[in-house]
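User: Hi! I'm new to looking at protein structures. Could you walk me through this one?

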Amino acid sequence: MSMNIIDSIKDSVRSLRAYTLAPDRASVKLNQNENPWDAPLAIKQETLKRLDARAWSRYPDFAPIELHKRLAEFSGWFPEGVIAGNGSNELIQALLVITIAAGKRVLINEPTFALYRQITTVLGGEVLSVPLNGALSFDTRSLLAAIKSSAPNVVIICSPNNPTGCVMELSDLVSVLEETRGLVVVDEAYFEFSGQTVVPLLRQHTNLVVLRTFSKAMALAGLRVGYLLAAPELVREVAKAVLPYNLNFVSQTAAEVSLEMYEAALRPLVQTMIRERERLHGELSNIKGLSPVPSRANFMVVRSALEPKKVFAGLLQQDILIRDVSGYPMLSEYFRVSVGTPRENDLLVKALKEILR
Ligand SMILES: *Cc1c(COP(=O)(O)O)cnc(C)c1O
């Protein structure tokens with residue numbers, strides 16, 4: 001009997017478009033919000049030294065206890081309330097695996113990071129969304145109304161939000177936590193650039209889950225490390241949906257060293273990126289036809305009088321890669337740029353002036 005092999009796949013998956021990124025390459029890479037400097041040499045060298053002293057034939061720790069301890073110190077939370085993952089994406093997936101199935105609802109703001117909708121849909125859950133307001137900031141009043149009317153099982157708030165850079169004020173988040181019967185996940189992938197964290201709210205609000213990553217400020221995107229902070233009883237449940245040895249010891253070691261050297265080696269880079277973000281915002285505001293949106297992350301969206309696809313193509317021709325976000329809800333006239341090194345930002349500004357002329 002013949003059968004279409006694809007018939008074996010769940011309808012929810014077949015109807016999805018795959019989450020991908022075009023493989024464009026350029027020497028000025030401003031499309032993925034990475035740290036534009038490489039991981040500092042001191043961090044690389046100390047990591048390699050520790051790796052050299054270890055048997056590669058042996059499994060990593062079952063759970064990376066030592067890393068959890070350092071993450072707890074770094075974040076101001078309990079080690080039992082921390083779990084590290086192979087990127088924070090693995091942890092949002094694990095959290096949704098243990099909470100979402102057919103009949104469950106996830107509430108998000110839009111536009112936001114595409115993966116939340118993707119994973120929820122694959123798991124058979126329903127995605128409900130509240131649009132950002134006209135200034136591309138959180139519309140907390142509408143979000144609270146949606147929580148009241150639809151009783152979501154999980155609310156996901158990306159703050160600072162990718163791709164718009166807006167931050168939810170702590171008092172608004174407290175209202176969301178108090179209104180929500182289910183879990184509230186705050187994705188803090190960019191908190192280092194925002195001057196704010198929701199971690200202090202973990203003590204009062206046991207339904208809060210915080211996600212963070214080493215892929216942005218910490219300059220380790222290539223090694224895939226993220227972590228989740230929550231009440232210890234919740235973390236024990238998340239751990240059940242994570243594969244054994246999910247974090248290889250190369251990444252584990254690099255993450256430990258990065259935490260040890262954060263103040264000396266990484267914080268100065270973060271501070272430079274924050275200054276460059278403000279400078280870039282000012283420079284782009286002065287280009288006729290462009291209106292950059294204020295951001296508290298290491299990227300910003302820019303409204304453009306010229307079609308975003310044309311801006312993207314023009315920049316690529318000049319060896320600069322940005323993100324065309326014009327397919328996102330509300331963003332048909334926008335592109336997104338990551339904050340680069342001062343030299344890269346200068347090149348971007350110069351190229352945009354020519355393209356918009
Ligand atoms: C970049 C990014 C992450 C990081 O994911 P990793 O799997 O840790 O690399 C998470 N959330 C958002 C919103 C991001 O933009």
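User: Let's start with N109. Is that residue buried or exposed?
Analyst: N109 is buried, because its relative accessible area is 2%, and buried means under 20%. Keep in mind that this is a predicted model.

User: OK, and where in the fold is N109?
Analyst: You'll find N109 in strand 3, which covers residues 105-110.

User: Which residues does N109 touch?
Analyst: Leaving out residues up to four places away in sequence, N109 touches V130, L132, F138, L143, I156 and I157. Of the strands around there, strand 4 is residues 126-131 and strand 5 is residues 154-158.

User: Let's switch to helix 5. Why is helix 5 described as largely enclosed?
Analyst: Helix 5 runs over residues 115-122, and six of its eight residues are buried, so the rest of the structure largely encloses it.

User: Which ones are the buried residues of helix 5?
Analyst: They are L115, Y116, Q118, I119, T120 and T121.

User: And what do those buried residues pack against?
Analyst: Quite a list! On the helix side, they pack against helix 1 (11-14) and helix 4 (88-97). On the strand side, they pack against strand 3, strand 4, strand 5 and strand 6 (183-187). Strand 3 is also the place of N109.

User: What comes after helix 5?
Analyst: Helix 5 is followed by G124, which has a positive phi, near 85°.

User: Zooming out now, how many helices and strands are there in the chain?
Analyst: The protein chain has 12 helices and 13 strands.

User: How is the chain divided into domains?
Analyst: Domain 1 is made of two stretches, 5-39 and 263-352, while domain 2 is 53-261. Their C-alpha centres lie 22 Å apart.

User: How many residues of each domain are in contact with the other?
Analyst: On the domain 1 side there are 37 residues, and they are in contact with 38 residues of domain 2.

User: What about the overall shape? What does the radius of gyration say?
Analyst: The radius of gyration is 21 Å, and a compact globule with 357 residues would be near 21 Å, so the two agree. Along its principal axes, the C-alpha trace spans about 60 × 55 × 55 Å.

User: What share of the whole chain is buried?
Analyst: Buried residues make up 53% of the 357 residues.

User: Last one: how far apart are the mean positions of the positive and negative charges?
Analyst: The mean positions are 2 Å apart, for 39 positive and 37 negative charges.

Definitions and conventions. Residues numbered from 1 in each chain as written. Predicted model: local features only at pLDDT ≥ 70, side-chain atom pairs only at ≥ 80, totals over all residues. Heavy atoms only, no water. Helix = DSSP H or I, 4+ residues; strand = E, 2+ residues; numbered from the N terminus. Rg over C-alpha atoms; globule rule 2.2 N^0.38 Å. Buried < 20%, exposed > 50% of the residue type's maximum accessible area, 1.4 Å probe, protein only. Lys, Arg positive; Asp, Glu negative; His and termini not counted. Charge placed at Lys NZ, Arg CZ, Asp CG, Glu CD. Domains from an automatic or database assignment. Contact = heavy atoms within 4.5 Å.
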